[in-house]
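Please keep the sequence and the 3D view at hand while reading.

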Amino acid sequence: MEAHFAANKVPPKSNAAAVTISLAFHVVYASTSLSGGYIPDPQISSQLAVLNNAYAPCGISFTLSSTTRTSNSNWFNNAGPGSSQQTAMKAALHQGGASTLSVYTVGFNSGSGAGLLGYATFPSEYASNPTDDGVVILYSSLPGGTAAPYNLGYTLVHEVGHWLGLYHTFQGGCSGTGDSVSDTPAEASAAFGCPTGRDTCSSTGQDPIHNFMDYTDDSCMTSFTPEQCSRILTQISTYRGIH
């Protein structure tokens, strides 16, 4: 499970996505106000558009299969990674199998999730705990939300990257296999803000601060690399049966 605390664009392979993934969207709210996590349909549509635009160069698209809204302030506030609230929330709401992306929006106001933007499971983890599979994100990180500078919708793009099998660009620092992708320069640590020219592992090139799998501001994130796209397709074929 990967948690998210607070380059050039890849040209699209084709006009049509090669893979379509079904997305079940679960809004968990504390009150029926926007500040209570009650996300309206247009905001979900905007988030889906951001997600599809980001993954189009990889030949992947997402289609919204269902939307649920659940009033539960305990889950909303406390459904952090490893918590009993997270387990109960997913047990009650999870839909579909390995090929369905379940997304949950919560508030992360206390407990193990306090301060988080989101967290996700990896494809290889599905078989051991199918109900746990999915992505949990801060409701205010959706496009138009209040979690600036993380309110353009790229928190979900980042967390879905983990769900599809990608690691952080700074995985492993300057040595070892890093993020298991050959065309992302090694990075000693996470980048925040948008530090143009940052180079923490001088032997491999400037840090990939514009990559969706770093920790930079949403406005700084622009792309995946071709090899990240290749890894995604291999991971979801192997572990999710998506071809």
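**Lining of the largest cavity**

In this predicted model, α1 makes the greatest contribution to the lining of the largest cavity, supplying four residues. The elements that each provide two or more lining residues are β2 (19-29) and α1 (41-55). The lining consists of Leu 23, Phe 25, Ile 44, Gln 47, Leu 48, Leu 51, Leu 64 and Leu 156.

The volume of this largest cavity is about 40 Å³. Sorted by class, its lining comprises seven nonpolar residues and one polar residue, with no charged residues.

Asp 133 is located in the loop that runs between β5 (116-120) and β6 (135-138). Is Asp 133 buried or exposed? Its relative accessible area is 2%, which falls under the 20% cut-off, so Asp 133 counts as buried.

A polar contact of 3.1 Å joins the side chain of Asp 133 to the side chain of Trp 163. Leaving aside residues up to four places away in sequence, Asp 133 touches His 94, Ala 98, Thr 100, Ser 102, Tyr 104, Thr 121, Tyr 126, Trp 163 and Arg 240.

**Annotated span**

An unreviewed UniProt entry lists residues 146-233 as "domain: Peptidase M43 pregnancy-associated plasma-A". In the model, the C-alpha atoms at the ends of residues 146-233 are 33 Å apart. This span is 20% helix and 0% strand.

Conventions
Residues numbered from 1 in each chain as written. Predicted model: local features only at pLDDT ≥ 70, side-chain atom pairs only at ≥ 80, totals over all residues. Heavy atoms only, no water. Buried < 20%, exposed > 50% of the residue type's maximum accessible area, 1.4 Å probe, protein only. Polar contact = N/O pair within 3.5 Å; in protein donor to acceptor, adjacent residues only side chain to side chain. Contact = heavy atoms within 4.5 Å. UniProt positions renumbered as here; feature names shortened; annotations may be inferred. 1 Å grid on protein atoms, 1.4 Å probe; cavity = no way out; pocket = protein on both sides within 12 Å on 5 of 7 lines; lining within 4 Å. Points joined across faces, edges and corners; volume = space filled by probe spheres on them. Nonpolar A, V, L, I, M, F, W, Y, C, P; charged D, E, K, R; others polar.
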